Structure formats: structure tokens, C-alpha cells
Amino acid sequence: MKTTGWRSLILYILGLGFLTGLVFFLVCFFTQGGSWAMRASNAHLSGVNQLANSGTITDRDGVILAKSENGNRIYPPDVLTRKAMLHVVGDTRGYISTSIQATYRSQLTGYNPVTGINSLKNNDGGGDIELTVSSSLSKLALQQLNGKNGAVAIYNYKTGEVLCMVSSPNFDPSNPPSDLDTDQSGKYEGVYLNKALSSTYTPGSIFKLVTTAAAIENIPNIEQRTFQCTGKTVINGREITCDSVHGTINYRDGLAKSCNIVFAELAVDLGKDTMTKTANAMGFNKAFRVDDNPTGKSVYDVSNATEDELAWSGIGQYTDTTNPTHMMILMGAIANDGVPVNPYLVKKITSSFGIPTHMGGASNGERLLSKSTADQLKEMMRYNVTSDYGDNMFPGMAVCAKTGTAEVGGGKKPTGWIVGFSSKEDTPLAFAVAVEEGNYGRTSAGTIASALMKAAVGQ
């Protein structure tokens, strides 16, 4: 009897395991079957050009960004628009893994778990996708980059709609260069990466916003404190330099003038634990999401830093890195009393039967900073513009901003940065611009942000 009981128990366990595995498989099949079918390794089943008979992708104004005709994938007639939209829309081969054509390939091709890939073979067509981005604004961003590599991101921090997301280098998806995959000069390095979404850069002085937030929350009477800037200081026996001699300066003017001495001393006074806690709270060391794709992680790690390295980390150097989309989200959080609205690119997906299967919309993310800290940062960033950058950069938009010039070494010029947002209710736009080898952020990234914000007001 005991033997029969044990055998029954084993059979029950095996049966339960089988049922659990079956349920798990069915859930995965219905939720991930499309991505399985559309893998490049299955091209022998679905066809080499899996987008040959796929749905149409349009921008926020109805401009066609990609469609299928006679077994070919067709992109806009304007070459600059094709290049500007490359990393959002994607290439025909699907090498840009975070693009719409790669992420939503099963929806575009019309795959479903009942007919599988038969819809592809029978030329039934697929679903259509409407995006939040403006192709005209994206084209302007590429023009403003003027041949430089970098990343540009702008979104409406009230609705979450991404209006512009541009990455460079890029190429023409209608006429890919013959040396795209064989070039040894570095011309196309990172060409399959959406840098706005997935890359990270040394932040330079834009990180001083994090150090400022830590000081606001942890140093009593920080408003009354003054610092002495002679152009350099010595911490832990090593020299910390500043681009200017600011003399006696408070932390508010220290941010506007971007004084390295102020933020080096603040970082050391605050210490590793406090700096790390604030950075983590503001979104460092974790990924955000834009639709179904994660962002690159901004990283702040001073666990093994010496005191002078901690000082440089508070300036935005050392090993600090930041992701442009994270910076855009952080700007939106400061504008929204500390709580960001999650960004999204996909406004609507419509099946081949004309039925909407997905609708994008506003949703709040996790709080990144307190309302009090957000209010103070907002006021200080506004002061940056009115006292130093000049309101003529962003006329009539009451922009709050911070520029950065990030040293990257290796004989390269610094990365130019600007991050910010309009504080006016009728122009709720936040932005992040990074220009590789752009040198000073105000003149490289700032010029781009100025042109785009002026153009984006009407979007």
C-alpha cells in the first residue's frame, strides 16, 4: 500500500508539472509568439524580407514613414527625413533592435496565433502604427546636428508624447551604404544604436543638478553658504580645476556659472552615501521604459572613489554616465513637482481588420524627487537662463535649463550637453541634447535646443 501511495504521489507531481508547463507555454505562445516567428533565424519560414507586406507607419501629422508596395519597404521621398527617422522607425533588416519595425514587427506583419505566418505568405497585409513623433521636427534636429554625432530627445511632460528622438550617426534605409558593415574608419560606429534611448555619455555639468538636489535636502541653510573659487582647489592632495575664477560665490550662482569648486566641495561634504542615495532617487542605476523598450542606465558609482574622485563625481566627471532619455524624463519630473510622466512613441496600433489593438496615453512614473526640491531646482534652473544663458535662447517659453561640457579624454573634444524644460503651461516640453565633440554645451547643444524648442511650440 505504501508503494502504491508513493507512486500515486509521484504521478500527481508529474501531472501537475505537466499542466504547469503547458499553461506556461500557452501564455508565452500567445504573448510572445509573434516575436518568435519574426526572429531573423526564422526568415526561411517567413521570408527574407519580413516587412515585404507589412502595415504603414505614420508620424503625428499623418506623414507616411514606412509602407509596403509590391514586396518592397518604402520610406519617405526626402532623404533627410529618412535618416532622421531611422532609429525610431528602423531599417528593413531589423538591425536597429529598439526601432518600431523591430519591436512591433509581428503587429506590422499581421502575425496572429491562429493563422501564424500565413498572413505574410498570403499577402494579407498587417497592422498600422501611428507615432507621436514629428518627422519635420526630427528632420530639423538632424540638420541642427550638422554632421555631428549625438542624441536629441524632446517630449511633452504632461501627455508623455515623444515629439522628437534623433540619433547620429545614421544612414539612408532606402539606400544603405555598401560599406555600412565593413567600414573600418569608425564613420558608422554605433549606427545601429538609438543613442537617445540606449546610449550613455559622461554628463559633465548637467550632473550638478543632482549634487544641487542632494545639497538642498541635506545641508541646512545651504542658501547662506558661500564658497571661494580661485580657479582651483586641492582635495586629497590632488588639484580640482575650474574654467574661471569666480571669487566668493554662493551655490545658486555656482550652478548658474557652473563653478566646479562649489560642486566638488559639496560632493565631499555630502559624502558617498548621501550622493548615491540622491542619484538613485533621481533615476540613476536603473532603466526606464519607452513603450516596450528599456532605456540605457545612467550610472553613478562612487563605492571605490577616493575623496578627490568623489569631488569630480559631483561635477559630473569621474565614472558618471547619463542616458539622454533619462535626462529628458528627469527634466519632466522637475517640471511636474517631482513626478515624471512616462514617455511613449506609439500613439495607436490598428490591426489589419481596422480594429485598434493599442492606444498610447499618459501614465505617471515613480517620484524622482520631492515637490520642495523640484520647486527649488526649477527656480535655480530658471535663474541659469535669465542670468547667464539669456532668455533670447528660448523666447516666450520661460525655459529652465542646465548646460554641460563633459570631458571624455582620448584626444576628443568634450561632449556638449543641455537639458531643460519650458515652465509655461501652454508649452509643456522637456528636452535633452548631447553633441559628441561639441565642446561647450551652450554653443553646441544649446543652439540645437533653441531651434527645436522654437519649432516645437506649435506641435
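Colleague: Which residue forms a salt bridge with R238?

Modeller: A salt bridge is read from a side-chain nitrogen of Lys or Arg within 4 Å of a carboxyl oxygen of Asp or Glu. In this predicted model, R238 is paired with D308, and their closest N and O atoms are 3.6 Å apart. The two partners come from distant parts of the chain: R238 belongs to strand β9 (residues 238–241) and D308 to helix α13 (residues 307–315), 70 residues apart.

Colleague: Is D308 buried or exposed?

Modeller: Buried means under 20% relative accessible area. D308 has 3% relative accessibility, so it counts as buried.

Colleague: Where do K347 and E130 lie?

Modeller: The side chains of K347 and E130 meet in a salt bridge at 3.8 Å, N to O. K347 is in strand β13 (residues 346–350) and E130 in strand β4 (residues 128–131), so this pair ties together parts 217 residues apart in sequence. K347 is partly exposed at 29% relative accessibility, and E130 is partly exposed at 22%.

Colleague: With which residue does R60 form a salt bridge?

Modeller: The partner of R60 is E161, with the closest N and O atoms 3.8 Å apart. Here loops are joined: R60 sits between β1 (57–58) and β2 (64–69), whereas E161 sits between β5 (150–156) and β6 (162–168), 101 residues apart. R60 counts as partly exposed, at 21% relative accessibility, while E161 is buried, at 13%.

Colleague: How many salt bridges does the structure hold?

Modeller: The structure holds 16 salt bridges. Salt bridges may also form a network, as they do in linking K257, D388 and R442.

How values were computed. Residues numbered from 1 in each chain as written. Predicted model: local features only at pLDDT ≥ 70, side-chain atom pairs only at ≥ 80, totals over all residues. Heavy atoms only, no water. Helix = DSSP H or I, 4+ residues; strand = E, 2+ residues; numbered from the N terminus. Buried < 20%, exposed > 50% of the residue type's maximum accessible area, 1.4 Å probe, protein only.
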